[in-house]
Amino acid sequence: MQFEIAGINKSFKESFMDMLGVLSARYSSPLLEAPAPSAEELENIYEAMMRAPDHARLRPLRLQVWQGEGLNRLVQVFVDYTLRKDSQSTPEAIERARGRPLRAPMVISVIARIEEHPKVPEIEQVISVGCSAYAMLLSLDSMGYGGMWRTGDIAYDPQALKDMGLAENEKLVGFVYVGTPLDRQIKPVEAPIFQDRVQFITE
Ligand SMILES: Cc1cc2nc3c(=O)[nH]c(=O)nc-3n(C[C@H](O)[C@H](O)[C@H](O)COP(=O)(O)O)c2cc1C
């Protein structure tokens, strides 16, 4: 069976093996440097993200790409949040907050635009966007970039979300920190044992 992805013809088996390879080797990259993907590469990633399962095709996904000077706007939101939580924050705590969004050359806010729908509860819309975020991580890995999904209290703070430009009906599913990994070593991580987590129900 042959099929075409982005102009490349591959056998089904070849592509399936590629996909399992990418899935099994994915890992988060906390240490990221430039370059980050170009706008054109981000468009390819966006297309992959948009193939996430999406009940009733509500298209809940929205992205904000913070880069260059724009990252300083995100820094300000982090600093304001820290001071709002504790007006007595130490200079060290403020410096830590300032440094957080600068851990990568690009930060992407992955946002779920929640719609009222008789058959699609909020959780399903958030899950769909979570699948898109995962598709982003997988795409980044397969393109030689790296990413790390982060949240923290700030991702659930209504004022911080407002400061970032989210509407009332929007949830921040996560910040994906994006760039080129400084360290591409794959560290083996043990998964829970298959038999402990997978129950076959056959009759
Ligand atoms: C919704 C969500 C939020 C997360 N938030 C954070 C975070 O704020 N800080 C952090 O260090 N890791 C966070 N993680 C975990 C990392 O993204 C990563 O998955 C974890 O460090 C394990 O590494 P691995 O992906 O290479 O297995 C979050 C993961 C998810 C799914």
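Contact here means heavy atoms within 4.5 Å. I'm jotting that down before anything else, and also that this model is predicted.

**Whole chain.** I looked up how far apart in sequence the touching residues sit. Of the contacts with a separation of 6 or more, 76% are between residues 24 or more positions apart. Next I checked the elements and found seven helices and seven strands. Going along the sequence, I read them off as β-β-α-β-α-β-α-α-β-α-β-α-β-α. The C-alpha trace spans about 60 × 45 × 40 Å along its principal axes. I also looked up burial: 37% of the 203 residues are buried.

**Thr-180.** Is Thr-180 buried or exposed? Its relative accessibility is 18%, and the cut-off for buried is under 20%, so Thr-180 counts as buried. Then I listed what Thr-180 touches, skipping residues up to four places away in sequence: Leu-31, Leu-32, Glu-33, Ala-34, Pro-35 and Tyr-145. With Pro-35 there's a polar detail too: a polar atom of the Thr-180 side chain lies 2.5 Å from the backbone oxygen of Pro-35.

**H2 and H5.** Last, I looked at a helix pair, H2 (residues 39-49) and H5 (residues 122-142). Their axes come within 8 Å and cross at roughly 135 degrees. That angle makes the two helices oblique to each other, and I noted the crossing as right-handed. Which residues meet there? From H2 I got Ile-45, Ala-48 and Met-49, and from H5 I got Ser-132, Ala-133, Ala-135, Met-136, Ser-139 and Leu-140. Sorted by class, this contact has seven nonpolar residues, two polar ones and no charged ones.

Notes
Residues are numbered from 1 along each chain as its sequence is written. This is a predicted model: local features need pLDDT of at least 70, side-chain atom pairs count only at pLDDT 80 or more; totals for chains, interfaces and linings use all residues. Side-chain values use heavy atoms; hydrogens and water are left out. Buried means under 20% relative accessible area, exposed over 50%, partly exposed in between (1.4 Å probe, protein chains only). A polar contact is a pair of N or O atoms within 3.5 Å; within protein, one must be able to donate a hydrogen and the other to accept it, and residues adjacent in sequence count only if both atoms are side-chain atoms. Axes are lines fitted to C-alpha atoms, for helices over the stretch in contact, and angles run from 0 to 180 degrees between N-to-C directions. Helices (H or I, at least four residues) and strands (E, at least two) are DSSP runs, numbered from the N terminus. Angles under 35 degrees count as roughly parallel, over 145 as roughly antiparallel, 65 to 115 as roughly perpendicular and the rest as oblique. A crossing is left-handed if the near helix is turned anticlockwise from the far one by less than a right angle, and right-handed if clockwise. Ala, Val, Leu, Ile, Met, Phe, Trp, Tyr, Cys and Pro count as nonpolar, Asp, Glu, Lys and Arg as charged, and the others, Gly among them, as polar.
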